[in-house]
Amino acid sequence: SGPETVSPTGQPTGAEQARVAQSGAYLTTAQGNRLYETDHSLKAGPRGPVLLQDHHLREKIMHFDHERIPERVVHARGAAAHGVFQGYGTAAKITKAAFLEKDIETPVFVRFSTVLGSRGSADTVRDTRGFATKFYTSEGVFDLVGNNIPVFFIQDAIKFPDIIHAGKPHPDREIPQAQSAHDTFWDFVTLHTEATHHTLWNMSDRGIPRSYRMMEGFGVHTFRLVNAEGATTLVKFHWKPKLGVHSLTWEEAQIINGMDPDFHRRDLADAIESGAYPQWELGVQTFPDTPDQTFEGIDLLDPTNIVPEELAPVQPIGLLTLNANPSNYFAETEQVAFHVGHLVPGIDITDDALLAGRLFSYLDTQITRLGGPNFGQLPINRTHAPVNDMLRDGMHQTAVHTGVAPYRPNSLDGGCPFLAGNDTGAYIEVPKELPAARKVREAAASFDDHFSQPRLFWLSMTPPEREHIVAAYTFELGKCYEQAVKERGLQVLANIDGELCAQVAAGLGLPAPEPTVPHTEAEPSPALSQLGQEWPAD
Ligand code: HEM
């Protein structure tokens with residue numbers, strides 16, 4: 001059985017005990033021994049040397065010395081809240097996931113974050129924001145680990161250490177702390193041009209949200225949903241905030257950074273405390289699960305692509321309401337462990353090479369961050385469904401497992417039968433034909449067009465939004481020391497749009513280069529070429 005909350009002697013253990021620990025008539029040691037004093041070390045006389053035999057002193061300082069755990073390697077700074085998710089029942093045709101059924105209410109925990117800054121960095125920096133949701137469903141935990149930007153910098157997880165090394169502070173001076181205005185970031189994203197689309201979103205107003213309550217969220221990858229009959233549909237997940245999408249201006253962001261670096265976490269907590277519960281609708285764009293996994297010429301396995309909502313509207317499937325603040329930041333916001341591989345029946349993955357690497361990375365990093373393999377037993381990570389696993393022992397084991405046969409088959413503990421039938425559990429692969437393949441270290445040719453979707457995004461902007469983008473590129477590229485990096489930045493912009501490039505070049509005092517990738521060479525999909533009309537002149 002799963003982690004016990006009552007010890008064999010009937011005493012409360014784990015979370016229950018922890019909750020009562022900071023109250024009572026007297027202070028105790030960790031072992032429950034009463035203390036009459038905690039203000040003075042034990043000494044040989046009032047002015048004498050401190051005695052090593054003082055267990056309370058040693059325990060108190062030892063525990064303090066180990067209060068910090070490693071911060072997340074990315075998304076270190078975050079704020080979170082509890083809430084509830086209510087299914088609309090509208091997804092029943094495409095998925096058997098029970099929590100999406102009509103009026104089913106599922107407890108959730110959501111953590112918002114910046115990506116690059118360390119735990120103590122400021123909130124209103126220009127960066128991508130994380131939007132990670134843990135659904136404690138009746139069928140086990142489902143985590144939707146998304147961002148507020150619908151595309152990613154890279155198409156293959158093997159490049160993740162590269163983009164993060166480039167985005168984090170320079171190894172020599174450890175600056176800048178939390179923004180992309182530096183040489184290594186621009187060096188990488190201008191050499192590795194599949195990053196162009198995500199970078200352009202970062203330089204737009206989406207890079208400085210006004211509030212976590214006013215951000216969209218995206219699952220980014222294409223997922224595969226499975227219905228009760230076993231039929232599959234490809235989807236992209238979207239969170240739509242009821243308050244609408246709003247950003248800060250750059251000037252506001254700068255002032256707030258100085259006056260209140262905790263602006264976003266304060267805003268979230270204050271809103272919830274005052275009863276102004278933020279809400280998001282969860283929606284899906286749906287695509288037929290065809291063998292080539294493309295839609296209107298857009299490769300669905302390439303996470304640098306969006307599918308425009310004009311081509312595939314977002315259909316609402318449920319409502320998220322955040323209604324309670326964490327009571328302890330460390331126990332909840334810091335110790336929560338999300339994982340893209342936490343899936344429930346009816347939700348499956350696709351062969352997106354970025355997603356594949358994430359499936360490995362989160363478990364792996366959490367073993368270090370949370371000190372061993374048992375972090376699933378931490379109160380915030382515990383499933384609300386019954387647990388009957390055969391995982392045993394390990395660092396920080398808090399369950400008191402019963403039984404003698406944590407193996408299968410066995411004849412001593414009930415034999416550990418499989419589920420009846422084979423369609424009621426998680427991790428049941430939908431049989432899919434794989435194309436005849438040879439081992440390669442390369443991407444499909446359909447992953448090569450790095451500029452037509454960024455151009456589409458630029459063309460969809462209003463004049464003030466374009467001004468903000470030009471100002472952002474000018475400021476951020478202007479912070480680079482290396483002239484060659486600035487020039488390559490302009491070259492990338494020339495490949496997106498001549499006007500964007502010319503304006504940033506003027507701001508930097510540099511000549512505007514000609515595009516090296518003519519727009520006709522990397523032919524956008526037929527559907528895309530009909531979109532992205534120029535914004536009409538006033
Ligand atoms: C953490 C999103 C790609 C590795 C996170 C978090 C989010 C997120 C929201 C913060 C979770 C939290 O609040 O605790 C995304 C998205 C991605 C992406 C949307 C692309 C679509 C990747 C890739 C890798 C990766 C490709 C590695 C190959 C990590 C790691 C953490 C993390 C190691 C820290 C987890 C922890 O310490 O608990 N990611 N990520 N991510 N991500 Fe990603």
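## Gln 293

In this predicted model, Gln 293 is partly exposed, because 19 other C-beta atoms lie within 10 Å, whereas a residue is buried if 20 or more do so and exposed if 12 or fewer do. Gln 293 belongs to the loop between strand S10 (279-288) and strand S11 (294-295).

The backbone of Gln 293 adopts a positive phi of about 50°, although the residue is not a glycine.

## His 396

A positive phi also occurs at His 396, where the value is about 60°; His 396, too, is not a glycine. The residue is located in the loop between H9 and H10.

Is His 396 buried or exposed? His 396 counts as exposed, because 12 C-beta neighbours are found inside 10 Å and the exposed class covers residues with 12 or fewer.

## Cis peptide bond at Pro 409

The loop between helix H9 (353-369) and helix H10 (452-459) also contains Pro 409. The peptide bond joining Arg 408 and Pro 409 is cis, with omega about 0°.

## Cis peptide bond at Pro 176

Which residue is joined to Pro 176 by a cis peptide bond? The partner is Ile 175, and omega for this bond is about -5°. Pro 176 itself is placed in the loop between helix H3 (160-167) and helix H4 (183-191).

Notes. Residues numbered from 1 in each chain as written. Predicted model: local features only at pLDDT ≥ 70, side-chain atom pairs only at ≥ 80, totals over all residues. Helix = DSSP H or I, 4+ residues; strand = E, 2+ residues; numbered from the N terminus.
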